[in-house]
Amino acid sequence: MTEKIFEIVNFCLAKIEKEKNWLPFLDLVCNTTAHAGQLEFLEKSVKRENGLHPGNGFGKTKILAVKHLYFILKHFLDGIRYKTLNIAITSEQSELVQDAIEQTIKNAPLLRGWLIDKNSITKFPSPKIKYTNGAVSEFKTTKRKGESVEGKEYGYISADEIALELYLEWIRDKILLPRLRAWKDSQIDYSATPKGLNAYYRVITDVKRKGGYVRGGSSYENPYIDHTLLDYQKSTWSKAKVDQIILGLFIDTATMMFASRVEKLFDNNLSFEEVEKGHKYIEGWDLARGRKGSQSDQTVGMRIDLTLKPHQLCKYWAFQMPWTEKERENIKKTLGAKAPQTSIEREIRQAQYASGADVLVDSTGVGDTLWGIVMDIAKPVDFRGHKDEILDHLQAVIDAGLLKSPYLAALADEMTTYQRDDKLLDTDYLMALAIACQKIQVREMPAFGTRCG
């Protein structure tokens, strides 16, 4: 760090310490801006524990990256002793903050070229950023109740997208808070879009009760995202989904038929796996209906390993592409190299070829056409007149403890907001799982909605 850079950084840090003024640090050090809601959180999140629970698109990840850099620079003279931590349910989610820190440094002339070097960023096997003074930011998961961070000391911890961590209260008390003992100004920020009145809600409520700063916030507070898309989502989503995902409110999910089953289905210690020789599999496919303007209407496939006890969701697919190879070939004549390289038909066949699975395909309405094309390897599941029974069967499979799954954010999101009147809900992942589970028997209960023997 040159003397001039040192002076600027210290000036900006002093502004924060004495005046809670983050604007110079954002502008001069990070070369970025913050909207009013982000700035308010930075200014007021000065307690040992703080909470941020806004809607999607608020800009949580960016603000956490800024706070990591603030603490690293504030304690720069502590050198190798100083560490910060971002922890999330999955490694992919945890590494989003790593990417945001790296990008902030690269975009900031005052930081670029000296704070990190070409060997600073590690992704595998242990994601981290090692700064030129020896300090480190680590990026971990809460798997096995956060055991990977036991025994360490951190000056700052961000717990990002942690709303569906089943053991959050235990991890908070036994793992995270004890890690903050080394520095008097150490902090932890919990950040996630709400997912009902669960462990995250209880932690946030307790943080607020103990004097920590807690803030929600609407996605609309971020002026840098497309508000017309938010308007569209509001017009096509249920009120409960809008309240939770756009407005960042904690909603009562007692009437949501799968919300209480999130904890029963997911095991954060599990991982998605490829085919293992000698194992028996089911694959279920929910087909996209091509809703115009819908970014979320996808074909989703689920593979379940029946050999494991309990059975395990071991792989999933999600994509938007032509239904058949013939359709893809016709598109290719028009688009050439820009045309999709595969089709739903091909993906279903390739998956079944790899696993030897029993395949079930949604044959409802127009889906009957695709089932007819893959009927040599698949059997149909028709929701018409059987939807309630199919969903009840999925509930029974989960309640009986017959199925477990690694954490899958999209599936968890759908489970927390699903209601039987699902006209304004995304259901692709949930329905694919329900289709696959038609082959799982619960105390000899018959599967519904199939036209197979």
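Helix 5 (91-107), strand 5 (136-141), helix 6 (143-146), strand 11 and helix 16 (409-417) each put at least two residues into the lining of the second largest pocket. Helices (H or I, at least four residues) and strands (E, at least two) are DSSP runs, numbered from the N terminus. A pocket here is an open set of points on a 1 Å grid over the protein atoms alone, where a 1.4 Å probe fits, with protein on both sides within 12 Å along at least five of seven lines, and lining residues have an atom within 4 Å of a point. The model is a predicted one, with local features needing pLDDT of at least 70 and side-chain atom pairs counting only at pLDDT 80 or more, while totals for chains, interfaces and linings use all residues. Residues are numbered from 1 along each chain as its sequence is written, and side-chain values use heavy atoms, leaving out hydrogens and water.

Back to that pocket: its volume comes to about 760 Å³, taken as the space filled by probe spheres set on grid points that are joined across faces, edges and corners. The lining runs to 34 residues, of which I89, T90, S91, E92 and Y407 are the closest to the centre. Helix 5 gives the largest share, four residues. By type, the lining splits into 16 nonpolar, seven polar and eleven charged residues; Ala, Val, Leu, Ile, Met, Phe, Trp, Tyr, Cys and Pro count as nonpolar, Asp, Glu, Lys and Arg as charged, and the others, Gly among them, as polar.

Two strands count as paired if DSSP finds at least two bridges between them. Strand 6 (residues 156-160) and strand 7 (residues 187-191) run parallel over five bridges, with S158 opposite D189 in strand 7.

The other open sheet described here has six strands, ordered 13-12-9-10-11-14, and again the pairing is mixed. Strand 13 (378-381) and strand 14 (403-404) are the edge strands, each pairing on one side only. Strand 14 is held to strand 11 (residues 311-319) by two bridges in the parallel sense, and H311 stands opposite L403.

Strand 9 (residues 281-286) is largely enclosed by the rest of the structure, because six of its six residues are buried (under 20% relative accessible area with a 1.4 Å probe, protein chains only; exposed is over 50%, partly exposed in between). Both of its faces are covered, with Y281, E283 and W285 buried on one side and I282, G284 and D286 on the other. Strand 9 runs antiparallel to strand 10 (residues 299-305) over six bridges and parallel to strand 12 (residues 358-362) over four. G284 faces M302 in strand 10 and has L360 as its bridge partner in strand 12.

Helix 1 (residues 3-19) has 17 residues and spans 24 Å from first C-alpha to last, close to the expected 24 Å, which is 1.5 Å times one less than the number of residues. Its buried residues include I5, V9, C12, L13 and I16. These cover an arc of only 95° around the axis, which puts them on the same side of helix 1; the arc is that of the directions from the helix axis to the C-beta atoms. The face turned away from the buried side carries exposed E3, K4 and K18.
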